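Here are a few exercises to work through with the structure open in your viewer. Try each task before you read its solution.

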Amino acid sequence: MDSRIPQPRHIVIIGGGVIGTTTAYYLTRHPSYQTALHHVTLLEATSTIAAAASGKAGGLLGLWAYPSCLVPLSYRLHAELALEHGGAERWGYRRLGCGQLTASLKKPKTASENAKTRKRSSIGLAKQESSPRAKDQAEWKKLPKQDEKAISMLHESVLPADLDWINGSLVREYAEMGLPGFTETAQVHPHQFTTSMAALAREGGTEIRVNARVTSIGLNKSETAVSSVEYVDRTTGETQTLEGVTDVVIAAGPWTGRLWPKTKVEGLRAHSVVFAADVSPYAVFTDISLPNDWVPAHRAARGEKRKHRGNVDPEIYARPGGEVYACGEPDSIIPLPETADEVECDDAQCNDLIEYIGTVSPVLGAASIAARQACYLPRHMRFGKESAPLIGGTSVGRLWVASGHTCWGIQNGPATGKLMSEFIFEGEAKSADIAELDPKKFKV
């Protein structure tokens with residue numbers, strides 16, 4: 001058979017988050033895609049697209065994100081998608097300022113006192129040592145948003161005049177992302193972006209099935225290639241099987257490891273809140289030092305102590321449309337549930353986050369809360385450490401993986417989707433060199 005002759009393909013994408021929907025979008029936009037020959041089916045376990053992290057993320061985009069082999073392409077594609085499809089209006093695409101501040105609610109110590117009591121934090125700013133009275137409290141666990149390269153791009157600055165929703169009298173230091181061509185920052189509304197990508201993929205010919213929880217991926221008799229996908233229709237409870245499948249893309253976020261354990265992709269729960277407030281466009285990373293005897297009001301009312309000792313580091317992103325998103329620390333208290341609509345949200349963690357932010361932002365402290373939520377970040381783990389995402393083919397023929405993007409799934413979604421379309425239709429990634437993300441390197 002002449003390999004140059006287009007062959008029928010039934011491509012099944014597992015997962016209705018940003019990676020799955022952008023993959024479907026770029027497959028239906030690929031020059032080799034023919035509606036008469038190629039069928040793309042996207043299976044989502046819940047009743048809605050973007051039910052997991054893709055609908056509850058911050059939506060931050062940055063040239064300073066990671067991995068560096070993926071970021072520039074994806075940042076550019078975000079701009080192109082917004083230009084082509086009216087992203088500014090449709091999903092809130094815009095540029096914004098980005099900085100990092102350290103603030104204190106107590107009188108700063110002298111330089112000699114600080115030299116004895118301060119230590120380096122995970123993001124490069126100084127943190128106060130915990131007091132002996134706080135032994136039963138936990139250190140704040142920071143989300144892995146900034147790597148060392150990103151931290152090195154911060155430049156000391158003054159608090160911008162229009163960042164007026166932060167109490168400037170409490171700010172001890174402010175650093176901004178300020179290297180043109182290297183530190184540009186933008187954003188999208190993640191739920192709006194992901195659902196828009198799904199709608200555009202559907203317009204291009206993708207069949208989207210919701211309430212379809214995949215239970216197994218079938219292989220051929222020699223177990224060398226995919227052949228079918230089995231899923232439970234959660235509406236009827238019946239098991240359905242898609243036969244004649246030529247390609248399977250596992251883009252199931254933290255559930256990837258359950259479908260294909262060799263990927264070692266798992267979930268890490270993170271809480272976030274959305275304030276109803278219209279403020280200037282900034283993404284702000286914080287390092288807040290609180291008095292030892294300060295307790296959030298909701299805990300004080302129950303006679304509880306503060307959960308954290310030392311400093312707290314919430315991240316705050318202003319959004320268009322009168323919203324401000326903020327995320328807190330991750331935790332491993334509750335295991336990953338079977339589906340995204342079963343994720344448990346701990347209101348106490350959200351309320352901690354709200355009150356921590358209120359200490360440095362009276363505007364947000366007085367704002368109403370539009371959402372308290374939680375999701376699981378997909379992490380590719382190797383030897384107990386977080387590794388780069390997996391993007392590409394596996395040791396099983398026509399079985400593809402696109403998962404493990406941690407905090408940067410929205411940022412890196414378009415590049416992942418485009419590269420997956422190239423893998424499937426051209427046999428290799430053409431738009432970027434992502435050899436370091438090859439699943440086969442990890443024996444997947």
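Glu-80 has a relative accessible area of 37%, so call it partly exposed (buried is under 20%, exposed over 50%, partly exposed in between, with a 1.4 Å probe and protein chains only). Before going on, note that this is a predicted model, where local features need pLDDT of at least 70, side-chain atom pairs count only at pLDDT 80 or more, and totals for chains, interfaces and linings use all residues. Residues are numbered from 1 along each chain as its sequence is written, and side-chain values use heavy atoms, with hydrogens and water left out.

**Exercise 1. Find the salt-bridge partner of Glu-80 and say how the two sit in their helix.**

Step 1: The cut-off here is a side-chain nitrogen of Lys or Arg within 4 Å of a carboxyl oxygen of Asp or Glu.

Step 2: the partner is Arg-76, with 2.8 Å between the closest N and O atoms.

Step 3: both belong to helix H3, and because they are four residues apart, about one helical turn separates them. (Helices are DSSP runs of H or I with at least four residues, strands are E runs of at least two, and numbering goes from the N terminus.)

Step 4: Arg-76 is partly exposed too, at 41% relative accessibility.

**Exercise 2. Work out which parts of the chain the salt bridge between Arg-398 and Asp-247 links.**

Step 1: the N to O distance in this bridge is 2.7 Å.

Step 2: Arg-398 is in the loop between strand S25 (390-393) and S26, while Asp-247 is in strand S16 (residues 247-250), so the pair links distant parts of the chain, 151 residues apart.

Step 3: check the cover at each end. Arg-398 is partly exposed at 31%, whereas Asp-247 is buried at 0%.

Step 4: The model has 15 salt bridges, and a network of them links Arg-299, Arg-302, Glu-304 and Asp-352.

**Exercise 3. Classify the ring pair of Trp-64 and Trp-408, then explain what it ties together.**

Step 1: apply the rule. Rings of Phe, Tyr and Trp (its six-membered ring) pair if their centres lie within 6.5 Å; planes under 30 degrees apart are stacked, over 60 edge-to-face, and the rest tilted. That gives nine aromatic pairs.

Step 2: the two Trp rings are 5.4 Å apart centre to centre with 85 degrees between the planes, which makes them edge-to-face.

Step 3: Trp-64 lies in the loop between strand S3 (60-62) and helix H3 (71-85), and Trp-408 in the loop between strand S26 (399-403) and helix H12 (409-426), so the pair ties together parts 344 residues apart in sequence.

Step 4: Trp-64 is buried at 2% relative accessible area, and Trp-408 is buried at 0%.

Step 5: for contrast, look at Tyr-317 and Tyr-325. Their ring centres are 5.7 Å apart and their planes are at 20 degrees, so this pair is stacked. Both of these Tyr residues are buried.

Step 6: ring pairs join Trp-64, Tyr-66, Phe-285, Tyr-317, Tyr-325 and Trp-408 into a cluster.

**Exercise 4. Sum up the whole chain.**

Step 1: count the elements, which gives 12 helices and 26 strands.

Step 2: of the 444 residues, 58% are buried.
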